[in-house]
Amino acid sequence: MDSLLVITMALIIVQSYKENNHLTVAERSPGIQRQTLSYVVSNVMNKNITYQPIRIQVVYRDMYFELSVEERERMIGAVFKAVEKISQLLSVFPVQKPVLLKRSGCHKEWTTGPNKGRCKSIKRNYQSEICMDTFKIPDDHLDGLYVWNELDPDPIRVVYSQGAGVNSTDFILHVDSVTTDVCGFNSVNKVLSYSKVCHVDQYDRPISGCINVCPHSVNNSPEKLYKTLLHELFHTLGFSKTHFQYFKKCQIKDRNLDCQPLVLRETQNHFGCTTETKYGAPLEGKFNNFTSHWDKVLMYGSIMTPDMGMPHVTFIDRITLAVFEDSGWYKVDYRSADVYVWGKNMGCVDRSEFCAKYEDYICKNNSVVGCHYLHKDKGYCKQESNLSCRIYQPQPKGECFKPREPDFEEEIFGASSFCVISNLTTDYVEKTAILTGRCYLQKCSRNRNLLVKVHGSDWNDCPYGKLLKIQGYRGYIKCPTSKDIMCPELPDDTTIPGTESSNVIYYTSTSAKISSTDHSSIDSVSSGTNDNLSANISPILLIFVYLIDQYTVI
Ligand SMILES: [Zn+2]
(Lines give C-alpha, C1' and ligand atoms only; values in the text may rest on other atoms or scores of the structure.)
Protein backbone atom coordinates (compact mmCIF):
# COMPACT_ATOMS: atom_id res chain seq x y z
CA MET A 1 0.00 0.00 0.00
CA ASP A 2 2.96 2.38 -0.44
CA SER A 3 3.37 4.75 2.43
CA LEU A 4 -0.24 5.52 3.02
CA LEU A 5 -1.48 7.39 5.99
CA VAL A 6 -5.18 7.06 6.30
CA ILE A 7 -7.18 9.39 8.46
CA THR A 8 -10.89 9.13 8.82
CA MET A 9 -12.91 12.12 9.77
CA ALA A 10 -15.76 11.00 11.95
CA LEU A 11 -18.69 13.33 11.87
CA ILE A 12 -21.82 13.78 13.80
CA ILE A 13 -24.84 16.09 13.35
CA VAL A 14 -28.09 14.93 11.87
CA GLN A 15 -30.36 16.67 9.46
CA SER A 16 -33.66 15.36 8.32
CA TYR A 17 -34.39 15.79 4.65
CA LYS A 18 -36.60 13.67 2.51
CA GLU A 19 -35.96 14.54 -1.09
CA ASN A 20 -34.79 11.80 -3.41
CA ASN A 21 -32.04 12.34 -5.88
CA HIS A 22 -33.09 11.91 -9.46
CA LEU A 23 -31.76 9.01 -11.42
CA THR A 24 -30.00 10.30 -14.47
CA VAL A 25 -27.97 8.38 -16.97
CA ALA A 26 -25.39 10.32 -18.87
CA GLU A 27 -22.13 9.72 -20.62
CA ARG A 28 -19.21 10.33 -18.33
CA SER A 29 -16.15 12.37 -19.03
CA PRO A 30 -13.17 10.24 -20.02
CA GLY A 31 -11.32 8.96 -17.00
CA ILE A 32 -14.25 9.30 -14.62
CA GLN A 33 -15.52 5.98 -13.33
CA ARG A 34 -19.14 5.50 -12.40
CA GLN A 35 -19.81 3.52 -9.30
CA THR A 36 -23.00 1.92 -8.02
CA LEU A 37 -23.24 2.38 -4.31
CA SER A 38 -25.59 0.75 -1.91
CA TYR A 39 -27.10 3.94 -0.54
CA VAL A 40 -28.94 4.43 -3.79
CA VAL A 41 -31.14 1.43 -3.23
CA SER A 42 -31.82 2.70 0.25
CA ASN A 43 -32.67 6.15 -1.06
CA VAL A 44 -35.22 4.91 -3.48
CA MET A 45 -36.72 2.27 -1.24
CA ASN A 46 -36.61 4.07 2.05
CA LYS A 47 -38.05 7.55 2.08
CA ASN A 48 -37.09 7.94 5.71
CA ILE A 49 -33.37 7.95 5.15
CA THR A 50 -31.86 11.21 6.27
CA TYR A 51 -28.99 13.34 5.09
CA GLN A 52 -25.92 13.07 7.25
CA PRO A 53 -22.75 15.22 7.30
CA ILE A 54 -20.47 13.97 4.57
CA ARG A 55 -17.82 11.58 5.82
CA ILE A 56 -14.55 12.16 4.02
CA GLN A 57 -11.72 9.72 4.28
CA VAL A 58 -8.38 11.28 3.54
CA VAL A 59 -5.61 9.20 2.05
CA TYR A 60 -2.22 10.84 2.17
CA ARG A 61 0.21 9.63 -0.39
CA ASP A 62 3.89 10.27 -0.97
CA MET A 63 4.28 13.48 0.99
CA TYR A 64 7.25 11.94 2.73
CA PHE A 65 9.57 12.48 -0.20
CA GLU A 66 9.51 16.23 -0.50
CA LEU A 67 8.04 17.66 2.70
CA SER A 68 9.79 18.06 6.01
CA VAL A 69 8.14 16.78 9.18
CA GLU A 70 6.85 20.29 9.96
CA GLU A 71 5.53 20.78 6.45
CA ARG A 72 3.70 17.46 6.61
CA GLU A 73 2.15 18.44 9.90
CA ARG A 74 1.10 21.77 8.44
CA MET A 75 -0.48 20.02 5.47
CA ILE A 76 -2.29 17.46 7.58
CA GLY A 77 -3.56 20.18 9.92
CA ALA A 78 -4.89 22.26 7.02
CA VAL A 79 -6.50 19.24 5.35
CA PHE A 80 -8.15 18.25 8.63
CA LYS A 81 -9.54 21.74 9.09
CA ALA A 82 -10.82 21.91 5.51
CA VAL A 83 -12.47 18.49 5.72
CA GLU A 84 -14.06 19.40 9.03
CA LYS A 85 -15.45 22.59 7.50
CA ILE A 86 -16.86 20.72 4.51
CA SER A 87 -18.56 18.29 6.86
CA GLN A 88 -20.24 21.23 8.61
CA LEU A 89 -21.43 22.58 5.29
CA LEU A 90 -22.50 19.55 3.29
CA SER A 91 -24.58 16.49 4.04
CA VAL A 92 -25.31 13.49 1.82
CA PHE A 93 -27.28 10.29 1.95
CA PRO A 94 -24.76 8.12 3.79
CA VAL A 95 -23.26 5.23 1.88
CA GLN A 96 -24.30 2.03 3.64
CA LYS A 97 -21.52 -0.34 2.59
CA PRO A 98 -17.76 -0.06 2.11
CA VAL A 99 -16.94 2.06 -0.91
CA LEU A 100 -15.25 0.06 -3.65
CA LEU A 101 -14.09 2.10 -6.62
CA LYS A 102 -14.57 0.68 -10.08
CA ARG A 103 -11.55 -0.15 -12.18
CA SER A 104 -11.24 1.30 -15.66
CA GLY A 105 -9.21 -1.61 -17.04
CA CYS A 106 -11.91 -3.28 -19.10
CA HIS A 107 -11.35 -2.83 -22.84
CA LYS A 108 -14.56 -4.43 -24.19
CA GLU A 109 -17.71 -5.77 -22.60
CA TRP A 110 -20.03 -8.48 -23.83
CA THR A 111 -23.00 -6.84 -25.50
CA THR A 112 -25.26 -9.90 -25.71
CA GLY A 113 -25.79 -13.22 -23.99
CA PRO A 114 -25.76 -14.19 -20.32
CA ASN A 115 -22.58 -12.22 -19.66
CA LYS A 116 -23.85 -9.02 -21.21
CA GLY A 117 -22.19 -6.05 -19.52
CA ARG A 118 -19.33 -8.15 -18.20
CA CYS A 119 -15.76 -7.66 -19.26
CA LYS A 120 -14.67 -9.46 -22.42
CA SER A 121 -11.09 -8.18 -22.68
CA ILE A 122 -8.65 -6.05 -20.71
CA LYS A 123 -6.97 -2.87 -21.89
CA ARG A 124 -3.45 -3.45 -23.08
CA ASN A 125 -0.88 -2.38 -20.50
CA TYR A 126 -3.50 -1.80 -17.82
CA GLN A 127 -1.62 -2.07 -14.56
CA SER A 128 -3.27 0.08 -11.97
CA GLU A 129 -5.88 2.73 -11.39
CA ILE A 130 -4.44 6.20 -11.81
CA CYS A 131 -6.20 9.49 -11.18
CA MET A 132 -4.78 12.76 -12.48
CA ASP A 133 -1.63 11.18 -13.95
CA THR A 134 0.17 10.36 -10.73
CA PHE A 135 -2.37 9.26 -8.12
CA LYS A 136 -2.32 5.49 -7.86
CA ILE A 137 -5.51 4.35 -6.17
CA PRO A 138 -4.72 1.64 -3.60
CA ASP A 139 -5.80 -1.85 -4.72
CA ASP A 140 -7.59 -2.21 -1.42
CA HIS A 141 -10.03 0.55 -2.43
CA LEU A 142 -10.76 -1.00 -5.81
CA ASP A 143 -13.26 -3.47 -7.13
CA GLY A 144 -12.02 -6.67 -8.74
CA LEU A 145 -11.33 -6.98 -12.44
CA TYR A 146 -12.35 -10.21 -14.18
CA VAL A 147 -12.65 -11.58 -17.69
CA TRP A 148 -15.61 -13.69 -18.79
CA ASN A 149 -16.09 -15.84 -21.84
CA GLU A 150 -19.37 -15.71 -23.71
CA LEU A 151 -21.37 -18.20 -21.67
CA ASP A 152 -19.76 -19.39 -18.42
CA PRO A 153 -21.23 -17.91 -15.25
CA ASP A 154 -17.81 -17.73 -13.61
CA PRO A 155 -14.96 -15.56 -14.87
CA ILE A 156 -12.23 -17.31 -16.79
CA ARG A 157 -9.56 -14.99 -15.44
CA VAL A 158 -9.09 -12.94 -12.31
CA VAL A 159 -6.95 -9.95 -13.29
CA TYR A 160 -7.38 -8.25 -9.90
CA SER A 161 -9.28 -9.61 -6.95
CA GLN A 162 -11.66 -7.37 -5.08
CA GLY A 163 -10.26 -5.09 -2.37
CA ALA A 164 -11.77 -4.66 1.06
CA GLY A 165 -13.19 -1.23 0.26
CA VAL A 166 -13.40 1.78 2.54
CA ASN A 167 -15.81 1.60 5.44
CA SER A 168 -17.99 4.39 6.80
CA THR A 169 -17.18 6.93 4.15
CA ASP A 170 -19.03 8.96 1.52
CA PHE A 171 -16.01 10.44 -0.25
CA ILE A 172 -12.38 9.36 -0.54
CA LEU A 173 -9.92 12.22 -0.87
CA HIS A 174 -6.39 11.52 -2.04
CA VAL A 175 -3.94 14.20 -1.02
CA ASP A 176 -0.39 14.51 -2.15
CA SER A 177 2.34 17.08 -2.25
CA VAL A 178 4.81 16.32 -5.00
CA THR A 179 6.50 18.48 -7.57
CA THR A 180 5.11 17.69 -11.00
CA ASP A 181 5.39 19.27 -14.42
CA VAL A 182 2.11 21.01 -13.67
CA CYS A 183 3.56 22.60 -10.52
CA GLY A 184 6.30 24.34 -12.43
CA PHE A 185 4.02 25.51 -15.20
CA ASN A 186 6.41 28.25 -16.18
CA SER A 187 8.86 30.53 -14.47
CA VAL A 188 6.33 33.32 -13.96
CA ASN A 189 3.22 31.45 -12.89
CA LYS A 190 3.81 28.70 -10.40
CA VAL A 191 0.99 26.31 -9.71
CA LEU A 192 -0.13 26.27 -6.12
CA SER A 193 -2.35 23.20 -6.25
CA TYR A 194 -4.69 21.32 -8.52
CA SER A 195 -7.38 18.71 -8.23
CA LYS A 196 -9.72 16.38 -10.04
CA VAL A 197 -12.81 14.26 -9.51
CA CYS A 198 -11.77 10.61 -9.88
CA HIS A 199 -14.95 8.55 -9.42
CA VAL A 200 -18.67 9.23 -9.26
CA ASP A 201 -21.61 7.11 -8.19
CA GLN A 202 -24.59 6.21 -10.38
CA TYR A 203 -26.23 9.53 -9.54
CA ASP A 204 -23.05 11.29 -10.69
CA ARG A 205 -22.13 12.42 -7.20
CA PRO A 206 -18.33 12.48 -6.86
CA ILE A 207 -17.16 9.76 -4.48
CA SER A 208 -13.41 10.11 -4.88
CA GLY A 209 -11.08 12.88 -5.87
CA CYS A 210 -7.47 13.91 -5.64
CA ILE A 211 -5.62 17.09 -4.78
CA ASN A 212 -1.95 17.79 -5.30
CA VAL A 213 -0.62 20.72 -3.29
CA CYS A 214 2.64 21.70 -4.94
CA PRO A 215 5.35 21.53 -2.25
CA HIS A 216 6.49 25.13 -2.68
CA SER A 217 3.06 26.33 -1.56
CA VAL A 218 2.90 24.34 1.65
CA ASN A 219 4.82 27.11 3.35
CA ASN A 220 2.14 29.70 2.67
CA SER A 221 0.30 30.87 5.76
CA PRO A 222 -1.85 28.18 7.40
CA GLU A 223 -4.99 30.17 6.53
CA LYS A 224 -4.01 30.38 2.90
CA LEU A 225 -3.22 26.68 2.77
CA TYR A 226 -6.57 25.94 4.43
CA LYS A 227 -8.57 28.07 1.99
CA THR A 228 -6.64 26.63 -0.94
CA LEU A 229 -7.60 23.15 0.17
CA LEU A 230 -11.22 24.19 0.69
CA HIS A 231 -11.29 25.61 -2.83
CA GLU A 232 -9.90 22.39 -4.26
CA LEU A 233 -12.20 20.25 -2.14
CA PHE A 234 -15.19 22.12 -3.56
CA HIS A 235 -13.89 21.28 -7.03
CA THR A 236 -13.49 17.59 -6.21
CA LEU A 237 -17.00 17.51 -4.74
CA GLY A 238 -18.46 18.67 -8.03
CA PHE A 239 -17.90 22.41 -8.52
CA SER A 240 -16.31 21.82 -11.89
CA LYS A 241 -17.20 22.64 -15.44
CA THR A 242 -17.02 18.97 -16.32
CA HIS A 243 -19.71 18.27 -13.72
CA PHE A 244 -22.14 21.17 -14.00
CA GLN A 245 -23.92 19.25 -16.76
CA TYR A 246 -24.77 16.47 -14.30
CA PHE A 247 -26.28 18.80 -11.71
CA LYS A 248 -29.90 17.92 -11.28
CA LYS A 249 -31.37 21.40 -11.11
CA CYS A 250 -28.91 23.50 -13.10
CA GLN A 251 -28.19 24.53 -16.63
CA ILE A 252 -25.67 26.88 -18.19
CA LYS A 253 -27.12 29.89 -19.95
CA ASP A 254 -24.89 32.60 -21.37
CA ARG A 255 -22.14 31.57 -18.97
CA ASN A 256 -24.52 31.87 -16.04
CA LEU A 257 -25.01 28.85 -13.84
CA ASP A 258 -28.77 28.88 -13.76
CA CYS A 259 -29.94 26.64 -10.93
CA GLN A 260 -33.29 26.53 -9.27
CA PRO A 261 -34.55 26.99 -6.75
CA LEU A 262 -31.71 27.70 -4.34
CA VAL A 263 -29.05 29.44 -6.42
CA LEU A 264 -31.77 31.65 -7.84
CA ARG A 265 -33.02 32.38 -4.34
CA GLU A 266 -29.53 33.24 -3.12
CA THR A 267 -28.56 35.42 -6.07
CA GLN A 268 -31.85 37.30 -5.82
CA ASN A 269 -31.41 37.79 -2.10
CA HIS A 270 -27.78 38.79 -2.35
CA PHE A 271 -27.81 41.14 -5.31
CA GLY A 272 -31.34 42.34 -4.67
CA CYS A 273 -32.13 41.30 -8.20
CA THR A 274 -35.75 40.29 -8.28
CA THR A 275 -36.80 41.60 -11.69
CA GLU A 276 -35.04 38.81 -13.59
CA THR A 277 -36.55 35.47 -12.74
CA LYS A 278 -33.66 33.63 -14.39
CA TYR A 279 -30.80 35.54 -12.79
CA GLY A 280 -28.18 32.82 -12.46
CA ALA A 281 -24.78 32.97 -10.84
CA PRO A 282 -22.07 34.31 -13.16
CA LEU A 283 -19.32 31.89 -14.22
CA GLU A 284 -15.94 33.03 -15.44
CA GLY A 285 -15.73 33.20 -19.19
CA LYS A 286 -12.65 32.23 -21.13
CA PHE A 287 -12.04 31.39 -24.77
CA ASN A 288 -15.75 31.85 -25.48
CA ASN A 289 -16.54 29.21 -22.90
CA PHE A 290 -17.07 29.03 -19.17
CA THR A 291 -14.67 27.73 -16.55
CA SER A 292 -14.94 26.00 -13.18
CA HIS A 293 -15.00 29.30 -11.30
CA TRP A 294 -17.21 32.28 -10.67
CA ASP A 295 -16.68 35.48 -12.55
CA LYS A 296 -13.93 37.11 -10.54
CA VAL A 297 -15.42 40.57 -10.74
CA LEU A 298 -19.11 39.94 -10.07
CA MET A 299 -18.33 37.35 -7.36
CA TYR A 300 -15.15 39.04 -6.13
CA GLY A 301 -13.92 37.52 -2.87
CA SER A 302 -15.91 34.29 -3.20
CA ILE A 303 -13.93 31.13 -2.47
CA MET A 304 -14.76 29.82 -5.95
CA THR A 305 -13.46 32.75 -7.97
CA PRO A 306 -10.27 32.32 -9.94
CA ASP A 307 -8.70 35.27 -8.07
CA MET A 308 -9.23 34.42 -4.46
CA GLY A 309 -6.56 36.80 -3.23
CA MET A 310 -5.54 36.92 0.38
CA PRO A 311 -7.17 34.53 2.83
CA HIS A 312 -8.81 37.06 5.14
CA VAL A 313 -10.83 38.60 2.28
CA THR A 314 -12.02 35.31 0.76
CA PHE A 315 -15.35 33.92 1.84
CA ILE A 316 -17.56 30.87 1.66
CA ASP A 317 -20.61 32.58 0.25
CA ARG A 318 -24.16 31.27 0.25
CA ILE A 319 -24.43 31.32 -3.55
CA THR A 320 -21.57 28.83 -3.85
CA LEU A 321 -23.18 26.62 -1.25
CA ALA A 322 -26.54 26.77 -3.01
CA VAL A 323 -24.89 25.29 -6.11
CA PHE A 324 -24.09 22.19 -4.11
CA GLU A 325 -27.66 21.87 -2.91
CA ASP A 326 -29.08 22.39 -6.41
CA SER A 327 -26.71 19.70 -7.69
CA GLY A 328 -29.16 17.28 -6.09
CA TRP A 329 -26.41 15.46 -4.20
CA TYR A 330 -26.02 17.55 -1.09
CA LYS A 331 -27.95 19.22 1.67
CA VAL A 332 -26.33 22.47 2.83
CA ASP A 333 -26.10 24.01 6.28
CA TYR A 334 -26.07 27.71 5.46
CA ARG A 335 -25.33 28.63 9.07
CA SER A 336 -21.69 27.81 8.35
CA ALA A 337 -21.47 30.28 5.46
CA ASP A 338 -19.40 33.45 5.84
CA VAL A 339 -20.71 36.98 5.72
CA TYR A 340 -20.26 38.07 2.10
CA VAL A 341 -21.03 41.66 1.16
CA TRP A 342 -19.51 42.22 -2.28
CA GLY A 343 -22.28 43.27 -4.64
CA LYS A 344 -24.88 43.18 -1.87
CA ASN A 345 -28.08 44.83 -3.13
CA MET A 346 -26.37 46.12 -6.28
CA GLY A 347 -29.22 44.84 -8.45
CA CYS A 348 -29.12 42.72 -11.61
CA VAL A 349 -25.68 43.76 -12.81
CA ASP A 350 -24.12 42.45 -15.98
CA ARG A 351 -20.33 42.41 -16.33
CA SER A 352 -20.55 45.15 -18.94
CA GLU A 353 -22.33 47.39 -16.42
CA PHE A 354 -19.96 46.67 -13.57
CA CYS A 355 -17.74 49.75 -13.75
CA ALA A 356 -20.68 52.13 -13.87
CA LYS A 357 -22.71 50.51 -11.11
CA TYR A 358 -19.91 49.61 -8.70
CA GLU A 359 -18.48 53.10 -8.56
CA ASP A 360 -17.70 52.93 -4.85
CA TYR A 361 -15.73 49.69 -5.28
CA ILE A 362 -13.45 50.66 -8.12
CA CYS A 363 -10.36 52.79 -8.67
CA LYS A 364 -8.98 54.71 -11.56
CA ASN A 365 -5.55 55.90 -10.56
CA ASN A 366 -2.91 53.18 -10.63
CA SER A 367 -0.36 54.95 -8.50
CA VAL A 368 -2.40 56.00 -5.47
CA VAL A 369 -2.91 53.72 -2.50
CA GLY A 370 -6.60 53.33 -1.63
CA CYS A 371 -8.67 50.92 0.41
CA HIS A 372 -9.88 47.42 -0.32
CA TYR A 373 -13.70 47.42 -0.35
CA LEU A 374 -13.93 45.78 3.10
CA HIS A 375 -11.75 48.55 4.56
CA LYS A 376 -9.62 46.08 6.49
CA ASP A 377 -6.67 46.70 4.19
CA LYS A 378 -5.04 49.43 2.22
CA GLY A 379 -5.51 48.66 -1.44
CA TYR A 380 -3.63 48.88 -4.69
CA CYS A 381 -5.35 49.35 -7.98
CA LYS A 382 -5.36 46.22 -10.14
CA GLN A 383 -6.61 45.88 -13.69
CA GLU A 384 -8.93 42.94 -14.29
CA SER A 385 -9.08 41.47 -17.77
CA ASN A 386 -11.73 42.83 -20.11
CA LEU A 387 -12.77 45.50 -17.64
CA SER A 388 -12.64 49.22 -18.26
CA CYS A 389 -12.05 50.01 -14.58
CA ARG A 390 -9.78 48.66 -11.86
CA ILE A 391 -10.48 47.11 -8.46
CA TYR A 392 -8.60 47.67 -5.22
CA GLN A 393 -6.77 44.56 -4.09
CA PRO A 394 -5.39 44.21 -0.54
CA GLN A 395 -1.93 45.69 -0.48
CA PRO A 396 0.81 43.36 0.82
CA LYS A 397 1.55 44.43 4.42
CA GLY A 398 -1.35 46.85 4.17
CA GLU A 399 -3.53 45.19 6.82
CA CYS A 400 -4.84 47.88 9.16
CA PHE A 401 -5.68 45.27 11.79
CA LYS A 402 -2.06 44.19 12.27
CA PRO A 403 -0.16 46.45 14.67
CA ARG A 404 2.88 48.10 13.10
CA GLU A 405 4.66 51.42 12.69
CA PRO A 406 2.44 53.94 10.88
CA ASP A 407 3.19 55.31 7.41
CA PHE A 408 1.60 58.66 8.35
CA GLU A 409 1.78 60.58 11.60
CA GLU A 410 -1.92 60.28 12.44
CA GLU A 411 -2.32 56.58 11.61
CA ILE A 412 -3.13 53.89 14.17
CA PHE A 413 -2.76 50.20 13.28
CA GLY A 414 -4.46 47.55 15.41
CA ALA A 415 -7.29 45.07 15.76
CA SER A 416 -9.95 47.81 15.64
CA SER A 417 -8.40 49.84 12.83
CA PHE A 418 -9.80 50.25 9.35
CA CYS A 419 -8.73 51.82 6.07
CA VAL A 420 -10.16 55.13 4.97
CA ILE A 421 -9.24 57.68 2.30
CA SER A 422 -7.69 60.71 3.90
CA ASN A 423 -5.19 63.52 3.42
CA LEU A 424 -4.85 64.57 7.05
CA THR A 425 -1.59 66.29 7.83
CA THR A 426 0.01 68.72 10.24
CA ASP A 427 2.49 69.65 7.55
CA TYR A 428 2.05 73.01 5.90
CA VAL A 429 3.60 71.78 2.67
CA GLU A 430 0.63 71.15 0.42
CA LYS A 431 2.19 68.31 -1.60
CA THR A 432 2.18 65.94 1.35
CA ALA A 433 -1.59 66.16 1.57
CA ILE A 434 -2.43 63.47 -1.02
CA LEU A 435 -5.65 61.52 -0.59
CA THR A 436 -4.58 57.94 0.12
CA GLY A 437 -5.74 54.91 2.06
CA ARG A 438 -4.76 55.21 5.72
CA CYS A 439 -5.45 53.22 8.87
CA TYR A 440 -7.43 54.72 11.79
CA LEU A 441 -9.30 53.37 14.77
CA GLN A 442 -12.97 52.70 14.16
CA LYS A 443 -16.07 51.74 16.09
CA CYS A 444 -19.82 51.76 15.58
CA SER A 445 -22.62 53.14 17.72
CA ARG A 446 -25.69 51.11 18.53
CA ASN A 447 -27.57 52.85 15.72
CA ARG A 448 -24.72 51.92 13.35
CA ASN A 449 -23.08 55.31 13.06
CA LEU A 450 -19.39 55.17 12.30
CA LEU A 451 -16.88 56.78 14.66
CA VAL A 452 -13.24 57.42 13.86
CA LYS A 453 -10.21 58.25 15.95
CA VAL A 454 -6.77 59.23 14.69
CA HIS A 455 -3.55 59.71 16.60
CA GLY A 456 -4.09 62.44 19.19
CA SER A 457 -7.78 62.98 18.50
CA ASP A 458 -11.05 62.12 20.22
CA TRP A 459 -13.71 59.93 18.67
CA ASN A 460 -15.41 61.72 15.78
CA ASP A 461 -18.69 60.89 14.10
CA CYS A 462 -17.90 60.02 10.45
CA PRO A 463 -21.12 60.46 8.42
CA TYR A 464 -21.33 57.95 5.58
CA GLY A 465 -20.25 59.42 2.28
CA LYS A 466 -19.33 62.81 3.82
CA LEU A 467 -16.06 64.58 4.54
CA LEU A 468 -14.76 64.78 8.10
CA LYS A 469 -12.36 67.38 9.51
CA ILE A 470 -10.28 66.50 12.54
CA GLN A 471 -9.21 69.10 15.08
CA GLY A 472 -5.48 69.70 14.97
CA TYR A 473 -5.07 68.49 11.37
CA ARG A 474 -5.35 70.05 7.96
CA GLY A 475 -7.15 68.10 5.23
CA TYR A 476 -10.03 65.72 5.77
CA ILE A 477 -11.23 62.11 5.92
CA LYS A 478 -13.58 60.77 3.22
CA CYS A 479 -15.99 58.75 5.29
CA PRO A 480 -16.87 55.39 3.68
CA THR A 481 -20.25 55.12 2.02
CA SER A 482 -21.39 51.66 3.05
CA LYS A 483 -23.04 51.25 6.43
CA ASP A 484 -23.44 47.51 5.73
CA ILE A 485 -19.70 47.09 5.41
CA MET A 486 -18.55 49.46 8.13
CA CYS A 487 -21.23 48.82 10.75
CA PRO A 488 -23.21 45.76 9.74
CA GLU A 489 -26.50 44.99 11.39
CA LEU A 490 -26.16 42.83 14.44
CA PRO A 491 -28.37 39.87 15.21
CA ASP A 492 -30.86 40.62 17.96
CA ASP A 493 -29.19 38.39 20.50
CA THR A 494 -25.68 39.72 19.99
CA THR A 495 -23.83 40.87 23.04
CA ILE A 496 -21.86 43.93 22.10
CA PRO A 497 -18.50 44.38 23.79
CA GLY A 498 -17.09 47.75 24.75
CA THR A 499 -19.92 49.62 26.46
CA GLU A 500 -18.71 53.17 26.92
CA SER A 501 -21.68 54.83 28.56
CA SER A 502 -25.10 53.92 29.82
CA ASN A 503 -26.79 55.25 26.67
CA VAL A 504 -24.45 54.44 23.82
CA ILE A 505 -22.98 51.05 23.03
CA TYR A 506 -20.16 50.73 20.57
CA TYR A 507 -18.79 47.84 18.64
CA THR A 508 -16.12 47.41 16.01
CA SER A 509 -17.08 46.14 12.58
CA THR A 510 -14.68 43.26 13.18
CA SER A 511 -16.56 42.09 16.22
CA ALA A 512 -19.86 42.58 14.43
CA LYS A 513 -18.84 40.32 11.59
CA ILE A 514 -17.55 37.67 13.90
CA SER A 515 -20.73 37.54 15.88
CA SER A 516 -23.13 37.85 13.02
CA THR A 517 -23.21 34.16 12.10
CA ASP A 518 -23.05 31.00 14.16
CA HIS A 519 -19.77 29.67 12.89
CA SER A 520 -18.18 32.68 11.32
CA SER A 521 -15.02 33.59 13.14
CA ILE A 522 -11.66 35.11 12.54
CA ASP A 523 -11.07 31.99 10.46
CA SER A 524 -13.96 32.86 8.25
CA VAL A 525 -12.47 36.25 7.60
CA SER A 526 -9.69 34.28 6.09
CA SER A 527 -7.87 32.83 3.18
CA GLY A 528 -8.24 32.86 -0.53
CA THR A 529 -6.74 32.13 -3.91
CA ASN A 530 -6.50 33.34 -7.47
CA ASP A 531 -7.12 30.96 -10.28
CA ASN A 532 -8.25 30.49 -13.85
CA LEU A 533 -8.96 27.39 -15.85
CA SER A 534 -7.01 26.45 -18.89
CA ALA A 535 -8.88 25.11 -21.89
CA ASN A 536 -6.27 22.59 -22.85
CA ILE A 537 -6.05 21.00 -19.42
CA SER A 538 -9.64 21.51 -18.43
CA PRO A 539 -10.33 18.48 -16.23
CA ILE A 540 -7.53 19.50 -13.91
CA LEU A 541 -8.11 22.52 -11.76
CA LEU A 542 -5.00 24.50 -11.18
CA ILE A 543 -3.94 27.27 -8.92
CA PHE A 544 -1.00 29.41 -9.91
CA VAL A 545 0.93 31.70 -7.72
CA TYR A 546 2.47 34.96 -8.75
CA LEU A 547 3.71 37.87 -6.72
CA ILE A 548 3.89 37.13 -3.04
CA ASP A 549 0.32 36.79 -1.95
CA GLN A 550 -1.60 36.21 -5.12
CA TYR A 551 -2.34 33.13 -7.08
CA THR A 552 -4.45 32.12 -9.95
CA VAL A 553 -5.81 29.04 -11.59
CA ILE A 554 -5.67 28.59 -15.32
ZN1 LIG B 1 -10.06 26.45 -8.83
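**Entry 1. Asparagine 345**

I began with asparagine 345, which I located in the loop between β19 (331-332) and α6 (354-357). The model I am reading is a predicted one. I looked up the backbone of asparagine 345 and noted a positive phi of about 60°, although the residue is not a glycine. For context, I recall that most residues other than glycine have a negative phi. Is asparagine 345 buried or exposed? I recorded asparagine 345 as exposed, because it has 12 C-beta neighbours inside 10 Å and the cut-off for exposed is 12 or fewer.

**Entry 2. Lysine 397**

I then turned to lysine 397, a residue other than glycine whose phi is also positive, near 60°. In which strand does lysine 397 lie? I placed lysine 397 in strand β23, which covers residues 390-399. I counted lysine 397 as exposed, because 11 other C-beta atoms lie within 10 Å.

**Entry 3. Helices α2 and α3**

I next examined a helix pair. Two packed helices are described by the angle between their axes and the distance between the axes, so I looked up both quantities. Helix α2 (residues 69-89) packs on helix α3 (residues 222-236) at an angle of about 50°, and the axes are 9 Å apart.

Which residues make the contact? From α2 I listed Arg74, Gly77, Ala78, Val79, Lys81, Ala82, Lys85 and Ile86. From α3 I listed Pro222, Leu225, Tyr226, Leu229, Leu230 and Leu233. Sorted by class, the contact of α2 with α3 holds 10 nonpolar residues, 1 polar residue and 3 charged residues. On the spacing within such lists, I recall that an α-helix has 3.6 residues a turn, so residues three or four places apart point the same way.

**Entry 4. The annotated histidines**

I consulted the UniProt record, an unreviewed entry, in which the annotation "binding site" covers His231, His235 and His293. I asked why these residues can be said to gather at one spot. They span 63 residues in sequence, yet no two of their C-alpha atoms are more than 10.0 Å apart, so I treat them as one spot.

I looked up two of these histidines individually. Histidine 231 lies in helix α3, and I recorded histidine 231 as buried because 31 other C-beta atoms fall within 10 Å. Histidine 293 is in strand β18, residues 289-294. Histidine 293 also counts as buried, because it has 30 C-beta neighbours inside 10 Å and the cut-off is 20 or more.

**Entry 5. Helix α4**

How many residues of helix α4 (residues 262-271) are buried? I found 7 of its 10 residues buried, and I noted the helix as mostly covered. The buried residues are Leu262, Val263, Leu264, Glu266, Thr267, His270 and Phe271. I traced what these buried residues pack against and found β16 (256-259), β17 (281-286) and α5 (318-326). After α4 comes glycine 272, for which I noted a positive phi near 70°.

**Entry 6. The chain as a whole**

The secondary structure of the chain comes to 8 helices and 31 strands. I noted that 45% of the 554 residues count as buried. Among contacts with a separation of 6 or more, 64% join residues 24 or more positions apart.

Note on methods
Residues numbered from 1 in each chain as written. Predicted model: local features only at pLDDT ≥ 70, side-chain atom pairs only at ≥ 80, totals over all residues. Helix = DSSP H or I, 4+ residues; strand = E, 2+ residues; numbered from the N terminus. Axes fitted to C-alpha atoms, helices over the stretch in contact; angles between N-to-C directions. Contact = placed C-beta atoms within 7 Å. Nonpolar A, V, L, I, M, F, W, Y, C, P; charged D, E, K, R; others polar. UniProt positions renumbered as here; feature names shortened; annotations may be inferred.
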